[in-house]
Amino acid sequence: MPLYKRKPFPLAERPKDLKPQERVFQVRFTKEIFRDYGEYLNRINLYRQRIWTCKVTAKTNLTFEEALVSEKHATEKVQRFPKELVVPVLRDVQFSMLTLKDLANKIATKLQEQLSEGTELYGKRNNRVYPCKIIKVLAEEAGRTQYEVAWLDKEKKMTENAVVNGEDLVRKKLPFTRDVLKSFIRESTYRSVPWVLHDKLASKYGISTDPPEELRCNFSFQDGRVVRNRKRNRKEEVSKEELRKCKSKKMGNGKPEPWIPGEIAEDKLKKEPIKYPIDDILVQPTSDDPVFTERPSLSRDFQIPMDCVGDLLMIWDFCSSFSRLLHLWPFSLEDFEHALCHKDSNLIVIAESHSAILRLLIKDDRNYTTSIQKKKRKPKITLVTWAEYLCDFLEMIGDADLSNYITTVRRGHYGLLDIHAKLGIFRELVAQALTTNLMREKLDECIEQRQELAATRRGEALEEGRQRREDKELRKAEYDGKEIKGRSLKSVENSSNSFENGNHSRQNGDVADKWNKNALSPRGKHAVTNRKQADTLAKSNGKQHNMDAKAALENVKDSSKKGVQKLVRDDGKEAMERSNEQRKEYLEREMEKRFIRTNSLGKDRYHNRYWFFKRDGRIFIESSDSAQWGYYSTKEELDAFVGSLNRKGERERALKKQLEMYYDKICLEMLKRSKEVAHKIAMEEAVVRRSTRVRAPPRENPALAFLKYVNKWKED
């Protein structure tokens with residue numbers, strides 16, 4: 001039985017006083033029976049979580065059913081464990097305190113070195129090696145062990161006995177691996193460290209169940225249970241007053257806080273904040289939650305039984321997804337459902353669907369082609385002969401249940417078959433079609449094209465990122481250029497100020513010259529020299545000022561031109577961004593066209609699955625046990641459902657993300673379907689009004705639109 005948190009999980013007891021006609025719910029793989037659907041659903045959800053461990057192999061992260069399968073396979077391997085080695089291995093396992101790995105290594109080494117009775121190996125005889133079997137282990141003589149062996153012939157029959165030494169025996173590899181040995185140990189015990197054998201197994205092989213004396217001090221063995229003895233805590237023997245004096249704990253402010261065992265202050269009971277998202281079942285409502293809308297009720301107006309809805313969707317999705325490969329004109333899900341429920345045996349949509357898949361099997365040139373060639377049938381299937389080819393297919397697969405319908409189909413009464421039989425035949429056809437070489441080539445082509453489109457999208461995204469970085473660097477360079485130009489204009493202003501100061505100083509120099517006109521002292525000569533240098537500097541500053549003014553004027557003209565260029569560049573940038581967005585949308589559409597299979601959108605808190613098919617404007621809901629189906633078909637229902645999802649749960653968070661991603665597309669399909677439904681209702685009312693005056697032909701009724709189906713892609 002699989003382990004839950006390393007412990008055996010008890011199954012639910014069978015309800016008492018069950019009545020023969022009482023409706024109950026049974027778990028398929030455990031045979032548990034529940035009267036309440038909620039309890040049954042909770043148990044199913046628990047079994048589907050990856051929290052189970054295989055008891056035999058110790059594999060973790062399995063569902064309950066996967067753990068059962070793992071235990072079954074491992075048990076089959078354990079049952080092939082050599083019988084002659086069971087007793088010595090179990091004796092070494094009983095009450096061992098080693099870990100599983102060390103215990104397995106110890107036993108394997110011991111079996112490799114010490115040979116036991118019944119072991120088959122090779123022995124040396126007349127300088128040659130012959131197969132033999134150990135009959136008895138004799139006593140050691142002079143530190144050497146001797147064995148009585150029986151020589152074996154080619155058919156492994158014992159011919160004669162002999163006594164050989166241990167060094168004359170050629171040891172073979174163990175007939176099992178260490179993993180098998182570990183599985184055997186787990187299967188044989190109910191407790192680890194110390195390892196304790198099952199009582200029935202120990203009594204069967206005469207192995208003692210009395211624990212050794214050293215284990216009795218640490219463990220209690222009572223009523224088939226092993227309990228570790230708890231040692232008395234020394235801190236509990238000390239009084240609280242003494243502990244207050246000698247034990248203390250440092251607080252954040254540096255003050256000692258008395259430590260008392262068993263007592264926790266209320267301010268210490270601070271729960272750690274929960275990190276969302278978590279498992280949806282563990283989410284509890286809080287005050288900061290948004291207002292969730294009420295989940296809308298599901299529509300369940302299917303024409304077929306509830307247990308057939310899954311097969312119906314699978315078959316229709318296959319025919320729609322591979323319609324071009326099958327040369328089958330697409331048809332709506334409602335038309336396919338109505339056609340399956342119709343009693344007419346010669347419906348075009350049914351005949352063409354069967355014929356398209358059968359033609360694919362003929363092209364594959366394998367078993368089905370061989371079977372029709374033996375019956376000398378033509379490779380071309382028509383609307384008249386399709387039933388005969390279908391009977392040949394049913395005979396080929398040899399299914400006992402479906403073979404019962406061959407006579408009915410051959411007589412031309414396909415429409416009288418039960419809906420389960422029709423979907424069962426379709427299901428086998430689809431299963432055979434998926435194994436054909438043509439289908440595999442198509443799938444490989446789709447995968448390759450999707451990979452190429454994905455690589456193109458990644459390359460364009462990298463190029464776009466590189467372009468953005470270059471634009472950013474260009475803008476940065478322009479910004480730095482503007483700063484430099486601003487500094488140059490400021491230098492022009494400073495030079496003009498210096499020019500004015502130079503003129504002013506020259507005027508002052510003239511006055512001083514007049515005042516010192518007759519002065520010939522060295523001081524006067526020095527002043528004249530300074531005045532000449534000042535005049536020269538003023539003239540040079542004036543020329544520089546004129547040059548800077550011209551440069552500033554040219555910079556203004558260049559900036560105006562660059563402003564126009566920037567506007568043009570911005571317009572081009574916007575156009576480029578629009579073009580990139582259109583390119584991304586195109587690549588997304590092309591990748592969606594090449595999706596191989598339809599995956600579910602996700603699960604809600606109750607593990608219900610949600611499906612959206614590209615050619616049907618509805619969201620289908622499958623219950624966790626696949627027994628119930630429903631759907632949403634309007635935008636209002638979709639909005640209400642999205643508003644009811646809680647992002648704190650792992651499943652509903654992922655589901656809401658998927659719904660938001662495809663929201664526009666789903667709403668568009670729902671709007672299209674609503675218009676078609678409204679149009680059909682209006683047409684039906686018109687037919688009813690007209691039929692009150694003149695009897696209208698039945699094919700004008702929109703509900704019978706499937707009768708007008710024509711395969712426009714039919715092969716010649």
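Good morning, colleagues. Because the model is predicted, local features are taken at pLDDT of at least 70 and side-chain atom pairs at pLDDT 80 or more, while totals for chains, interfaces and linings use all residues. Residues are numbered from 1 along each chain as its sequence is written, and side-chain values use heavy atoms, with hydrogens and water left out.

I begin with the whole protein. Its secondary structure consists of 23 helices and 20 strands; these are DSSP runs numbered from the N terminus, helices being H or I of at least four residues and strands E of at least two. Of its 716 residues, 32% are buried, where buried means under 20% relative accessible area, exposed over 50%, and partly exposed in between, with a 1.4 Å probe and protein chains only. The protein exposes about 47,600 Å², of which carbon and sulfur atoms supply 51%; the area comes from the Shrake-Rupley method with a 1.4 Å probe. Among contacts (heavy atoms within 4.5 Å) with a separation of 6 or more, 56% join residues 24 or more positions apart.

Next, helix α3, residues 86–93. Which of its residues are buried? They are V86, V89, L90 and V93. These residues lie on the same side of α3, because they cover an arc of only 95 degrees around the axis, the arc being that of the directions from the helix axis to the C-beta atoms. The partners of the buried residues of α3 include helices α4 (100–113) and α5 (178–188), as well as strand β11 (189–191). After α3 comes F95, with a positive phi near 65 degrees.

I turn to a helix pair. Two packed helices are described by the angle and the distance between their axes. The axes of α14 (residues 367–374) and α15 (residues 386–397) come within 10 Å and cross at roughly 115 degrees; axes are lines fitted to C-alpha atoms, for helices over the stretch in contact, with angles from 0 to 180 degrees between N-to-C directions. From α14, the contact is made by N367, Y368, S371 and I372, and from α15 by Y389, D392, F393 and M396.

Finally, consider L438, in helix α19 (residues 437–515). Is L438 buried or partly exposed? With a relative accessible area of 27%, L438 is partly exposed. Leaving out residues up to four places away in sequence, L438 touches L325, L360, K363 and D364. The C-alpha atoms of L438 and L361 are 9.1 Å apart, although 77 residues separate them along the chain.
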